[in-house]
Amino acid sequence: MSSKLDILNFAWKRRLDRVLEEPGEPKKTSIGEMLGMLPVIMRTRRHINRALKTGQEPVIDPFGSLEFGPYGGVPLGGIGGGSIMRGWQGDFCRWQMRPGMIEYCSVPADQFSVYIRRGSNKPRLQVLYTGRPQGGGLHGWTWGLEGRSSTYHALFPRAWTVYEEPDPKVKLTCRQISPVIPHNYEESSTPAGVFAWTIENNSKETATVSLMFTFQNGTGDENDRAAGHWNQLFRQKTKGGEIVGVEMHHVLPQVGISDVGDEDDEVEEVPLVEDPLTFAIAAQASDDVKVTYRTRFVTSSSGMDVWGDFANNGTLENVEDEKKSSAGLPIGAALCATVQVPPGKSREVTFALAWDMPLARFGEGRAHYRRYTRFYGREGNAAPAIAHDALLNYPAWEKQIEAWQAPILSETGLPDWYKAALFNELYFITDGGTIWTDGEEGEPPLQKNDIGHFAYLEGHEYRMYNTYDVHFYASFALAMLWPDLELGLQRDIARAIQAEHPEIAQMLGSGKKAARKVKGAVPHDIGSPVEDPWYKVNSYNFQDTNRWKDLNSKFVLQVYRDVIATGDKRFAAEMWEPVQEALTYLRQFDLDEDGMIENEGFPDQTYDYWVADDVSAYSGGLWLAALGAAAALGDLLKNKETADSYRQLLAKAQAVYEEILWNGEYYDYDASTSSHHDSIMADQLAGQWYTQACGLPPIVPEDHILSTLKKIFDFNVRQFEDGEMGAVNGMRPDGWVDTSSMQPQEVWTGTTYALAAAMLQAGMNKEAFATAKGIANMTYNDLGYWFCTPEAWNYMGDYRSLAYMRPLAIWAMQWAWEERGNKK
C-alpha cells in the first residue's frame, strides 16, 4: 500500500484540460434566497460597510468578497502557521498569511517550468500551468500547457501531478508533501511544503532535464508592489551535497480596529503595524543535480532575463542581486535544478517552499506567536532553516503519513470515493484560516506541555473562530487525529462560559438588540480574527446566541466524547463544573418544568434561519443526550448524587419528547402549531447520533431510530433530486421540500455526513454510503467545489458559504465505522 502507484488509485483525480464551462458553473445563492427580507439585507450591508470603512474585512459577508473558481488543490503547510495552495492546474492560487484572512489570487510568477533536451533534438520548454497571465507580464515565457496528457491526484496532505507532456517520452511526476501528521505536535506545525519531482526517461537517448521554480516576493496583492522588498541567496551544506535557496524579505502591513461596539459607535483605527514575513524557496543540490539561481527579477516585466537563461541551456546564470524593490515593481526569484537522465532510468529533484511570519496579529492589535516558533524562534528569520529541514525530513514525513493512511485505504468495506473524500476534507484543518499559538507578543514562550490556542474559521466567508455549533460536527477530525488540540479548544470554550460582554448589539437577522455574551451561555464562537479572539468572544451577530438551545448541550456532549476518546480523567475533572453550569443555564428554558426545554419561536439553534417553537426534535434531542452524557461523566468522577439527578431528569424529559413529538414514523420538527411542525428534519437524531458515538445507552427507542432513519433516507435523500445531492434539510410528509424558509430547502454538507454516520451506527451501511456519496459527488465532480466545500447548496447546486468547517463531519463516519468494529 505504500507504493506511489497504489496510492494514486485512491486519490481524487482530474485531467488538467478538464475546465468547467459556462453555464454549468455553480454560483453563490442569490441574496434574495439567502435572506429573504429587505430589512435584513439593509442591516447586513450596513454592518459590512462599517467594517470596510476601517480597512478591515467584515466578520460575516454573505454578499461575497471571495471570487469562487474551480481552482483548488491540496494546500501547502502544516497546522496554524499559514497556508498556500497550489491549484490542480499548476498555479499558486490561495493564500492565508494574515490569520483568518484568505486571499484568492493566482500569481503568474509562481510557477514550475521544464526544459527537456534529448540527444541533439531541439529542447522543449513549458510553463507547467494550463493558464497564462492576464496582462503583459512574463509574456515571453512559454505558456499554455495543453493538459491533455497531464493528471492531478489529491490525497491530503499529499498531491501528485503526472505530466506526460511537453515530451511524451519524459514523464514528470511532481509529488507535493506537507507535514500534516496525526498525533505529531511539532512537525505538524511547520509552515512549509516539499515538491519532489521524479523524472522518468522512457526514450533511447540521454535526456537533460531542468525544472525551474519561480516565486514572487509576496502573495499577489497590492503590497507586493510596495518598495523595500528584497531577496538574498543562502547555501547550507548537507550530507552528499548542499541546499541552495533564496530568502525573500517581505513586509506585510496590517491594520486593525479597536472598537466594534454598537452600530452607531465611532470606529477607532489601530495604527498600521508592520510584521515580518519571509519566504524561502530552496532546492537540494548533489553530484547529480546542479542548482543554479537568479535571486531577483521583476515579475511584472517580460521576464526574459530569467526565461532567456533557462531557454538557452536549461540553467540560470547564478545572479545575486539584493537590491530592494521599487514602488510598483514586484520582484521574484528563480531556482533551477538540472539533471542528466540516462535512457530507461529515473532521477529525482526536490524543491521546498517555506515561510516565516512568527506573529499572528488580529484586528484589534493583539498578536500571538505561532506554534512553530517554539522550534524555530521568534525573530522572523527562520524561513531558510525551515526549508532546509523540510528538504531533509520529508521522507520521514511521508512514512508517517503512509502509516496513518494505509489501514484505511486497504479497508475493503469502504468505497474508494469515500476514502478520497475522507482525507481531502482535512484540507480545512490547515486552510481554514487556522491559527495555533505559542504565547502572546511580549510574553515568554509557553510551558513545554502547554498546547497553546488552536482555532479555525467557521468558513472563509464567515470569519469566526471555533464556531461551536458547527465544530460539534467537525470535531471528530480533531478528536481522532490531534486530540490535544481538541482538548485545548474545549478548555478555551469552558473558560468562555464564564465570560460576560454586556455591550449591546443589533442582531442582523431579527433587528432586535441583545447583549453580546452573558455568563453561563456557551459562546457561539471564540471570537473573530478581525477583533480579538479568546478575549472577545461571540463575534456572531445574526441571532441572539445567548438564548440558543443547542450550544450548551453540544458542550456537554463534546466534553464527554473527548473524555472517552482520550481517557484523560484530569480533563474530565476540569470540565465537571463547566458541564454542570452549562446544564443549569439551559434549564431556564424548561418553562413548564416538565424536564424538557422549549424553543422560543425564533431560529435559536444552528439552523439560524429556520424557526423552531416549543419542544423540537433537534434541540430537545440534544438536551436528552446532554443529560445522559452528564450522568455518565458524574459516574466516572464518582459523583453519584449529581449523576442520579441527571438520570432522573433525563427519564422525565424522554417521556415528554416521545409523547409530544413521535408520530409513529419519525419525530416531528417541533410541537408548534405551524404549518411545518411535522416536517421531516434530516438532522432530527443529532442527539442520538452523539449519544451512540459516546457509547451511551440510546435516548430514544431503538425501533424509533431505525424507523426515523429509513424515513429520512426515503424522503430527504432519495426523493430529493434522485438521491444524488445529499440530504435536504426539511421535507414535508407529502414528499415536497419544506419551503417555510431558506434553510430547510438546503442540503448541508456536514449534517449529511453526520446523518450518514448515524446510519452506519444503525447498521444501515448501504444507505449511509448512498447518502454521503451525494455530497462527495457534488463536491469533487464537475461543480468545482473541491478544496472549498461549502456549507450548503440548493437543488440547482448553487452554494452558500464557501470553504466551510462542517464537512469535516465525514470523520464522524469513520468514527462510527470503527466504533462498530469494522476497522481491521
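Modeller: The questions below go through labels used for this predicted model.

Biologist: Why is A333 called buried?

Modeller: The relative accessible area of A333 is 0%. Buried means under 20%, so A333 gets that label. A333 is found in strand β17, residues 331–341.

Biologist: What makes F213 and R294 contacts of A333?

Modeller: Contact means heavy atoms within 4.5 Å. Leaving aside neighbours within four places in sequence, the residues that meet this test with A333 include F213, R294, V246, M248 and I281.

Biologist: How do you know which residues join helix α7 to helix α18?

Modeller: The same cut-off applies, heavy atoms within 4.5 Å. W417, Y418, A421 and N424 in α7 meet F769, A772, K773, A776 and Y780 in α18. By class, that contact has seven nonpolar, one polar and one charged residues.

Biologist: What makes the crossing of α7 and α18 left-handed?

Modeller: The label needs the near helix to be turned anticlockwise from the far one by less than a right angle. The packing angle is about 65 degrees, with the axes 10 Å apart, and α7 passes α18 in a left-handed crossing.

Biologist: What makes a residue part of the lining of the second largest pocket, and which element gives the most?

Modeller: Helix α10 gives the most, with six residues.

How values were computed:
Residues are numbered from 1 along each chain as its sequence is written. This is a predicted model: local features need pLDDT of at least 70, side-chain atom pairs count only at pLDDT 80 or more; totals for chains, interfaces and linings use all residues. Side-chain values use heavy atoms; hydrogens and water are left out. Axes are lines fitted to C-alpha atoms, for helices over the stretch in contact, and angles run from 0 to 180 degrees between N-to-C directions. Helices (H or I, at least four residues) and strands (E, at least two) are DSSP runs, numbered from the N terminus. Ala, Val, Leu, Ile, Met, Phe, Trp, Tyr, Cys and Pro count as nonpolar, Asp, Glu, Lys and Arg as charged, and the others, Gly among them, as polar. Buried means under 20% relative accessible area, exposed over 50%, partly exposed in between (1.4 Å probe, protein chains only).
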